[in-house]
Amino acid sequence: MTRQAPHKLPVTALAGIGAQTAVRLQKLGIQTLQDLLFHLPQRYQDRTRTVPIACLLPGMIALVCGTVEFTDMMQRGRNSVVCRISDPSGMLSLRFFHFSVQQSQQLKPGTRLGCYGEIRQGYYGLEMIHPEYKVIADDITVTETTLTPVYPLTEGLTQSTLRKAVKQALALCLQDPESLNDWLPDSIRQTQGYPSLSEAVQTLHNPPPDITSETLQNGDLPALKRLAFEEFLAHHLALLLGKHQYKTWRAPVFILDIAAKRQFLANLPFQLTDAQQRVIAEIETDCGRHHPMLRLVQGDVGSGKTLVAAIAALAALSSGYQVALMAPTELLAEQHYRNFSQWFAHSDTRIVYLTGQLKGKARQTCLQALADGSAGLVIGTHALFQDSVNFHNLALVIIDEQHRFGVQQRLALRAKGQNRGLVPHQLVMTATPIPRTLAMLQYSDLDISVIDELPPGRKPVTTSVIPSERRDEVIARIEHWVAQHKQAYWVCTLIEESEQLQCEAAEKTASYLQQVLPNVRIGLVHGRMKAADKDQVMQAFKQGECDLLVATTVIEVGVDVANAGLMVIENPERLGLSQLHQLRGRVGRGSLESYCLLLYQSPLSLSGKQRLGILRESSDGFVIAEKDLELRGPGEIIGNRQTGQIQFKIADLSRDRELLDQVQTAAQLICRQHPQAIEPLVRRWTGGSLQNLDDLFATVYSP
Ligand code: ADP
Ligand code: MG
């Protein structure tokens, strides 16, 4: 058996870590010794010096050394034990609410104690409540030479367990040249002024006394920067590698069927825009090659990406291949299914629909049709890529609204379609523009096409910002609007975390609106409804059998009803601007004069006012995203799901964003001069999250 490098060892290899602790550590994402080393302290305690009692102030956290004067049981209020200690400069009380007999015996007069805790103003002067303390013999020092790390914990885990574990892990890994090997080329380290990897890790776990917790938090510490930089770099390299690998594979070549395409276009009620045509041409060129396409189509809400996808699908289908289209929500998948069914009605293509909700016989039939090739096109949610789904000859994978999926999910899909040595082409579509520096961590593996034009005749949506006090006015406006046989949306938003509350709010709003608007036909959709029920409501809305659709943000992406030209968004101040822009994109899709009313909860902060103002002034998704970034700082944008959830161990996109500027250059240097560093770096940082990493390296490195 080959020897396992220490950093790869499971935590149970350490003394004092049993199965139970291992389970707790796993909750923090810690499985190996390397994970432990990358589990950084959230702050430090300073026990490197003792503070004379006379210098203590309330609020300080300090190490104090003193001699016990007396220990007393106090009966006033809650039972407690108070122990008075003194040093040459003054007196301090230690107060314990939980204590054992043993403990109070130990604290007898004359005993020397080292105590660590927060100083408070007590009834009898300064005191520490439940300090950590140690009885000290004359020859023992209480001070420590480095700051004491305080780690993020989880239930059942103590600081002392973690500290001991990290200490052991450090000792083991420092002995082994492989474990903390520095894969950053010297030249990069020197120009950036970074310490070596082992120095960095040691500093962060045992920092010298002159480092403060603040330096750690604001990211100014070279040791921390170095780790964050390396992590960014590794993620970027993983994408480059993925692209490189993908491009070495072979893909089915599509043969364009000009007649079929002409027929398809002739059946459309409109002409393609120039931008659509250009992007379609780029896709067709890619798919005419022997190597797989990896293309991102970016286009603002309503720019007509779905049709571009359909024409790409047509190219695959008319070449005799299968196509899979994945959407982030059932609602959108269902709508695509209907649209594609209509667009391909004149062909003999069989289209199937597959989501997690499809069960039993229907699911079997669907899977069978995909496996034997009788279905050419499948549309669904991420359920499409479960293990049980097999394709006959999948040649094109289309991912709509890619920002709702993670990078990892996208990479994982690539292996899926492999078939007799051929891999499918990949087309991903998004309406969410992200800044270039961030694109590096998201899209480095993709070629990019932009649809920079909206179909003609679109009227910009008139947006107004209205305080919640004028709710009645807004309701009256809906009544008036609906009376003209036009439809409207009422969107209930709440903070992301609580889908349930959001759904409840939508239910309440719907019943309230129904009370005050008895003549309006109101429908309700939210995320907790059964797929079939959602679909029924959506169809009713689409067919004009319902006038007002009360919804949660489930309708954010894709929903397309041309006669709905009025949208009320509640609590818009709680959403990101790009998300609001997406939502607003549900109206203004036909030739109807359209309106979006942002019904905010007053009072609105100044920055809230500015942000909603941007939305009122602009209808350009790119401008909005940029302004939003300016006003909020990148952290908040990244913090939400709009950029596809990369899980970093150490790096923080808002704190460490400036590091990204150097990542690309460093990656190029490594690819050119130190290619041997790529694999270990990618493994070190993305090993846990990329399941197909081994496949990746096998393909890239095998001859
Ligand atoms: P998105 O880019 O947001 O996904 P969609 O593909 O949903 O946009 O298209 C929005 C609407 O515009 C749809 O109703 C679609 O049929 C219509 N559409 C697409 N292309 C054109 C075009 N060239 N001319 C007119 N309408 C179009
Ligand atoms: Mg779309």
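Here is the chat about aromatic rings, a ligand and a helix.

Mentor: Before you start, this is a predicted model, where local features need pLDDT of at least 70, side-chain atom pairs count only at pLDDT 80 or more, and totals for chains, interfaces and linings use all residues. Residues are numbered from 1 along each chain as its sequence is written, chains are lettered from A and ligands numbered from 1 in the order in which they are written, and side-chain values use heavy atoms, with hydrogens and water left out.

Trainee: Thanks! How many aromatic pairs does a search of the whole structure find?
Mentor: The search finds 11. Rings of Phe, Tyr and Trp (its six-membered ring) pair if their centres lie within 6.5 Å; planes under 30 degrees apart count as stacked, over 60 as edge-to-face and the rest as tilted.

Trainee: And why is the pair of phenylalanine 340 and phenylalanine 344 stacked?
Mentor: Their ring centres are 6.1 Å apart and the planes make 15 degrees, so the pair counts as stacked.

Trainee: Are those two buried or exposed?
Mentor: Phenylalanine 340 is buried at a relative accessible area of 1%, and phenylalanine 344 is buried too, at 3%. Buried means under 20% relative accessible area, exposed over 50%, and partly exposed in between (1.4 Å probe, protein chains only).

Trainee: New topic: what surrounds ligand 1?
Mentor: There are 16 residues around ligand 1, and the closest are Gln271, Gly302, Thr306, Arg458 and Asp560. Near here means that a heavy atom of the residue lies within 4 Å.

Trainee: Which polar side-chain atom lies 2.8 Å from an oxygen atom of ligand 1?
Mentor: That one belongs to lysine 305. From the backbone, an N or O atom of glutamine 271 is 2.7 Å from a nitrogen atom of the ligand, and a polar atom of glycine 304 is 3.0 Å from a ligand oxygen.

Trainee: How much of ligand 1 does the protein cover?
Mentor: It covers 86% of the 570 Å² of accessible area that ligand 1 has on its own, by the Shrake-Rupley method with a 1.4 Å probe.

Trainee: Last one: where does isoleucine 614 lie?
Mentor: Isoleucine 614 is in helix H20, residues 606–617; helices (H or I, at least four residues) are DSSP runs, numbered from the N terminus. Isoleucine 614 is buried, at 11% relative accessible area.

Notes
A polar contact is a pair of N or O atoms within 3.5 Å; within protein, one must be able to donate a hydrogen and the other to accept it, and residues adjacent in sequence count only if both atoms are side-chain atoms. Helices (H or I, at least four residues) and strands (E, at least two) are DSSP runs, numbered from the N terminus.
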